[in-house]
Amino acid sequence: MATVATRPFRKHRDRPPREDPRRRGTSHRTPRNRPPWWFVLPALVFFAFSVLVPSVQGGWFAFTDWDGVSPVKHFVGLDQFRALWEDAAARDAVGTTLIAAVAITLVQNAIGLLLALGVNARIKSRNVLRVFFFAPAVITPVVTAYLWKYLYAPEGAVNALLGAVGLDGLRQDWLGDSDIALWSVVAVVIWQFAGYSMVIFLAGLQSVPQEIYEAAAIDGAGPVRRFWYVIRPMLAPALTINLMLSIIGGLKLFDQVWVMTQGGPGGSTDTLSTVIYKQAFQFNKYGYSIAMGLVLTLFVIVISGLQYWLLSRQEKKSS
Amino acid sequence: MNRYTWRTGVLETVMILVALVFAFPVYVLVSMALRQEGDQSSPIAPPSHPTLVNFGDAWRQAGLGAAITNSALVTAGSVVLIVGLAAMAAYPLARSTRHWSRGVFAVFMLGLLLPFQLALIPLYQTMRDLGLLGNPLALIVFYTGLQLPFSIFMYTGFLRALDSGYEEAALMDGCGPVRAFASVVFPLLRPITGTVIILNVIFVWNDFLTPLLYLSGSGRQTIPVALFGFVGQYVSQWPMVFAGLIIGIVPVLLVYFLLQKRVIQGFAGGLKG
């Protein structure tokens, strides 16, 4: 979108016909224009050191009984995964992570879309509101989490506000009650990142040609039908990006939980990431922890792959 | 269509009300930080005797000066490396269509899918063996490796759409490939470099889990970890804690408000894919 829009015109139209169509841009006919291959080496070294090698190691350690200290690792096959399956707390964490990720994805995008439609209209404050709604997304999650921890306290601002508007019956121990703690955490993530979804939808909305929209209005289509038949199909790419980003972010959820509840009360807000952290650095069960990391990896790959496949099929259909 | 009708007015009112709801937590953050210690009035009431003393206290108690320096160091180091290495790597990856080039590109893109929770623990062990735990250098190395795939992805996309005529002209004029890159190609990448910088600065500045692991207990913490420890220690003194939280986010908010258009554009368009 915005950043990719600058495409200079091509000078060389007389390219040889056998050229690979994927080679957009221009020719490689000048024999000397071969960017040195070793340019990729420094990047490759850093990438291999901090991502590739440790990830492969992780994939291997998940099948061992490594305790993080002793250099000896025994291959134990699927034992860690069996233990994981039999561990009710781990199963709960998987469930919690999936519920949180789905809830965040749905609500954050719904709110983000409404905000985008609102600030895309001809209201006078739209530029100020855009900057304003996106602002929480750049704030350190640790800070927003502490802020909300205070707001959620039994004598905190949320309860005070409910009291002030006469809704005393709704006062809760927002983070102390294991039935609602997870939803309280999810609400914070949504508050923080709804503006992020908004700016991506907004970029999509700006690609809707104004003439088509106005033509539909003149033909008598109301706002709802205009949204459904004119805007919605054009928003498909933005929706794909938004859903992918929020589901992956939701699956990795850590900061907000760690600051607000550390997984409590009673493990009700433990996510895969908090359990990974606890198992490794509080209980020294590294092999077990990495097995959970591998489970998380599989979730991310399978869910985002599935989503991408479904959405790109939709996109093709609607275009 | 383009007139400001009564409907637009209603929408405007609704949006401003929504904005006020969004802003409520921020209002509490600021009003709390301005309170005097021991002010027991309701958390939603404005401070009765506003004071700035909490900011000074928080600055001293939390060692925020040192933490901001560390964060700035780690952020600057990582972003310089990310920009330099990603732009360099993207150049042959975008221009060459050979097998090795496509293979290497695919390997980098694999990095977009792997959650870093998987690499975190084995890398922790490696860093410990190398004696890098507690050293901000560990973070710089880690962030560089972690953020390269995404940055290379952005640079490659931009380069593929960029005319190679300029660099060819430079090569004709007897410029070596290294100089052609440094003085012709890299300057042409400026728009995308801006986006890459913004996205990485915000990511590195805000990250919490990595420094929590690699720097904990070292006294060389970055802002999120320093705030985490600070709040744990002074948990009942909310006015001072909130003043500390505000100090911690001022740098990144400053960047945001100064470059708001670029930041929003970067986030909206940068993640295309």
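## Fold of chain B

Read along the sequence, chain B follows the pattern α-α-α-α-α-α-α-α-α-α-α-α-α. In this predicted model, chain B therefore presents 13 helices and zero strands under the DSSP assignment of runs. The C-alpha trace of chain B spans about 75 × 65 × 35 Å along its principal axes. The radius of gyration of chain B is 24 Å, whereas a compact globule of 273 residues would have a value near 19 Å.

## Annotated regions of chain B

An unreviewed UniProt entry lists the feature "transmembrane region" for chain B at residues 12–34, 72–91, 103–125, 137–159, 180–205 and 238–259. Two of these spans may be described from the model. Residues 12–34 of chain B are 96% helix and 0% strand, with end C-alpha atoms 31 Å apart. Residues 72–91 of chain B are 100% helix and 0% strand, and their end C-alpha atoms are 28 Å apart.

The unreviewed UniProt entry also lists "domain: ABC transmembrane type-1" at residues 68–259 of chain B. Over residues 68–259, chain B is 82% helix and 0% strand, and the end C-alpha atoms of this stretch are 20 Å apart.

## Annotated regions of chain A

For chain A, UniProt (unreviewed entry) places the feature "transmembrane region" at residues 37–63, 93–116, 128–148, 180–203, 235–254 and 286–311. Among these, residues 128–148 of chain A are 71% helix and 0% strand, with the end C-alpha atoms 24 Å apart. The span of residues 235–254 of chain A is 80% helix and 0% strand, and its end C-alpha atoms lie 30 Å apart.

The feature "domain: ABC transmembrane type-1" is placed by UniProt (unreviewed entry) at residues 94–307 of chain A. Over residues 94–307, chain A is 72% helix and 0% strand, and the end C-alpha atoms are 19 Å apart.

## Helix packing within chain A

Two packed helices are described by the angle between their axes and the distance between the axes. Helix H3 (residues 88–120) of chain A and helix H7 (residues 181–205) of chain A have axes that come within 6 Å and cross at roughly 45°. H3(A) and H7(A) are therefore oblique to each other. The crossing in which H3(A) passes H7(A) is right-handed. The contact of H3(A) with H7(A) has 19 nonpolar, seven polar and no charged residues.

## The contact between chains A and B

Chain A contributes 92 residues to the contact, and chain B contributes 89 residues. On the side of chain A that touches chain B, helix H1 (residues 41–61) of chain A gives the most, with 13 residues. By class, this side of chain A has 59 nonpolar, 19 polar and 14 charged residues.

H1(A) packs with helix H5 (residues 116–129) of chain B at an angle of about 100°, and their axes are 7 Å apart. That angle makes H1(A) roughly perpendicular to H5(B). From H1(A), the residues Ser50(A), Val51(A), Pro54(A), Ser55(A), Gln57(A), Gly58(A) and Phe61(A) meet Leu118(B), Ala119(B), Ile121(B), Pro122(B), Leu123(B) and Thr126(B) in H5(B). The contact of H1(A) with H5(B) has eight nonpolar, five polar and no charged residues.

Note on methods: Residues numbered from 1 in each chain as written. Chains lettered and ligands numbered in written order. Predicted model: local features only at pLDDT ≥ 70, side-chain atom pairs only at ≥ 80, totals over all residues. UniProt positions renumbered as here; feature names shortened; annotations may be inferred. Helix = DSSP H or I, 4+ residues; strand = E, 2+ residues; numbered from the N terminus. Axes fitted to C-alpha atoms, helices over the stretch in contact; angles between N-to-C directions. Parallel < 35°, antiparallel > 145°, perpendicular 65-115°, else oblique. Left-handed = near helix turned anticlockwise from the far one by under 90°. Nonpolar A, V, L, I, M, F, W, Y, C, P; charged D, E, K, R; others polar. Contact = placed C-beta atoms within 7 Å. Rg over C-alpha atoms; globule rule 2.2 N^0.38 Å.
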